[in-house]
Amino acid sequence: MKEATEMQSADDRGQQTQAAAQAIERLLKFGVRRGLLEPIDCYASRNALLELLRIAEPCEEEVEEPQHETVAELLEPLLDYAVSAGILEDNNTTLRDLLDAKIMGSLMPRQSEIANRFWSTARQEGVQRATDDFYRLCIDSNYIRMDRIARNQYWLAPTEYGDLEITVNLSKPEKDPKEIALLKTAPQSHYPKCLLCIDNIGYAGRLNHPARQNLRVIPLQLDGEPWHFQYSPYVYYNEHSIIFDERHRPMKTSIQTFYRLLDFIDQFPHYFIGSNADLPIVGGSILNHDHFQGGKHRFAMEKAPVERSFTHPDYPNVRLGIVKWPMSVIRMSSHNKMLLLKLADTILNAWKQYSDELNGIVAFTEQAGVSVPHNTITPIARNNASGEYELDLVLRNNRTNEEHPDGIFHPHQELHHIKKENIGLIEVMGLAVLPGRLKEELELLAEVLTGKLAFDRHIAEQPDHLLHKHRIWIGELLASYGTGLTAPAAERALQTEVGRKFAAVLHDAGVYKRNEQGMSGFTAFLGAVGFRA
C-alpha cells in the first residue's frame, strides 16, 4: 500500500513537472511573438528557467502557441509549480512577485539593446512609435502589472471645473499577516538607495524591496545631464512614466527644473511632464531622488480655461493668466522658450519669498533658530494646441498650525474620511488616487442609500465600524438622497459626491481661495511680479 502511494505521488510530481515544462515553452513562444527575445535566444532562456525551477529536462512535445493569454496568466502555472515543488518557502504575494520578476528577467533583452532599439526607432519612425513599442514591452514583460491595474475602480465626476477623474487604488495587493511578520524580521539594506535609483535595473529584490529583473529604462539627456525614462509599474493614467535623475540627489525646484521640463517635451512632444513640489506635505512620496512624471494623457486641469489674463512689459511675447481651477494655477505660454524659462524662474523666486498673511501665506517661519521655507511650486509642461511651450505653475505652501497640523493648504480633517494623503502632481492635475479601503466602504454606503443597511447607533457611535468615519457625510447624503434609491442610482450618486469631495480637497490645497479676498490676493502677487490685468 505504501509503495502504491509513493508511486502515485511520484506520478503526480512527474505530471506537475511536465506541465511546468510545457508552461515554460508557452512562455518562450509568447516572448518571441512579443519581441522580448529572438528565436535563437530561447535556448539560453529555456535553460535559465529550467535551472530556476529545478526541472531536469525541457518539454519535448510540441506546445501550442498562446493566443489570448496575458503574461500574468502564463506565469501563474509556473508560480504554482514553484510552490508545490518547495522552491517558494510560502505561497504569498511577495514571494510570488519576487519569482515572477526573476522568470521574466530570463526573457528580457539586455538594457543596452532596449535603449539602442528605442532611439533607433525614434530616429527612423518617430519618438511616438518608440514609446508605443517600449510601453508594450513593459506590459508584456509583466513590469507593468496590467492584471492588477485592471482591478482599480475609475470614473469621471462632473464638477464646475470639468470632469474630475477618480480612481480607487486596488492595484497594490494587500499583505497577509505572515508577510507582515516576515517584513518585520527582514534584514535591512541600503541598496538600492531608493525605488528610483538606476541600480534597480536587474535587481533581485527582497521582502521589503520589489524585484526589478524585468525593469528596463531609456537613457536621455536633460539640460546636458544624464537622466532616464521608464514607465510606472502601477500606471494611474495612459503611459504613466517616470523620468529620474541618474544621480541620487534630492528634489529641488529651480530654473534647472524648468530647463529639464521643456527639454523633455522637445524630445517627447506627445507627452506632458510635471514635477512634484520639493517640500514635505505638498510634495510627492519620494523627495530624496529628483524625478518627474509624464505621459500621454489630458488631465482636467489642462482642459480648464484661463479666466483672467495679464500682461507684462518685459515679456510681450508671453501669454499669462490665472486658470479656472480650485488650486492656484498660473498658466503661461510662448513660442520663445528662453523667455518662458526666464519668466518661470522670476515667478518661482518671487513666490519663494512672498508672504500674504491675510490669506494665510507665510514664506518662512523660525523653528529652533532656523528659517524654514514654506513656499514652492508644482510645475507642469506641455506643447499646447497652438504649438507653443506651455507651463502651468501651481503655487504651494506647506505651513502647518494648531488647527491644521497636517497642513493649512492640505485636505482638512473633515475630508480625511475620503482623502488624507499628500496632494501631489497627479491629484493637482485633477486625478484623485483614493485608498483601496473606499471600495468596501462605498459599497456599504450604497446599501444605506437603498435602505438595505440602517444608519443606526452601531455606525454613529462605534469607532471600529467601517462607516463610522463617514457618519457626518452619511447624514448629508441621507438629507439629499434619502434611502429609496435603486442600487445603480446609489452608485452614481456616490460617485458624484466623491467627486465633490475631491474638488473640496483641491480647494483646501489651493493657497488663494476662489473668493473675492483670495482672488484679490492672487492678483496682488502677480502685480508684485510686474503683471497688469
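Reply: Let's begin with a term: two strands count as paired if DSSP finds at least two bridges between them. Keep in mind, too, that what you're looking at is a predicted model.

Now find strand β11, residues 364-367, and strand β12, residues 370-373; they pair in the antiparallel sense over four bridges.

Helix α5 covers residues 111-125 and helix α6 covers residues 127-140, and they pack at an angle of about 145° with their axes 6 Å apart. On the α5 side, the residues that meet α6 are Ile 114, Arg 117, Phe 118, Thr 121, Ala 122 and Glu 125. Facing them from α6 are Val 127, Arg 129, Ala 130, Thr 131, Asp 133, Phe 134 and Leu 137. Sort the residues of this contact by type and you get seven nonpolar, two polar and four charged.

Stay with α6 for a moment. Its 14 residues, at 1.5 Å a residue, should span 20 Å, and the end C-alpha atoms are 20 Å apart, so the two agree. The buried residues of α6 include Val 127, Ala 130, Phe 134 and Leu 137, and those four also take part in the contact with α5. Tyr 135, Cys 138 and Ile 139 are among the buried ones too. Just past the end of α6 sits Asn 142, with a positive phi of about 70°.

Arg 96 belongs to helix α4, residues 93-105. Arg 96 counts as buried because its relative accessible area is 11%, and the cut-off is under 20%. Leaving out residues up to four places away in sequence, Arg 96 touches Glu 76, Leu 79, Asp 80, Val 83, Leu 88 and Asn 91.

Ser 275 sits in a loop, the one between β6 (272-274) and β7 (291-295). Ser 275 is buried as well, with a relative accessible area of 2%. Its contacts, again leaving out residues up to four places away, include Met 251, Thr 257, His 291, Phe 292, Thr 378, Pro 379 and Leu 425.

Definitions and conventions. Residues are numbered from 1 along each chain as its sequence is written. This is a predicted model: local features need pLDDT of at least 70, side-chain atom pairs count only at pLDDT 80 or more; totals for chains, interfaces and linings use all residues. Side-chain values use heavy atoms; hydrogens and water are left out. Helices (H or I, at least four residues) and strands (E, at least two) are DSSP runs, numbered from the N terminus. Buried means under 20% relative accessible area, exposed over 50%, partly exposed in between (1.4 Å probe, protein chains only). Contact means heavy atoms within 4.5 Å. Axes are lines fitted to C-alpha atoms, for helices over the stretch in contact, and angles run from 0 to 180 degrees between N-to-C directions. Ala, Val, Leu, Ile, Met, Phe, Trp, Tyr, Cys and Pro count as nonpolar, Asp, Glu, Lys and Arg as charged, and the others, Gly among them, as polar. The expected span of a helix is 1.5 Å times one less than its number of residues.
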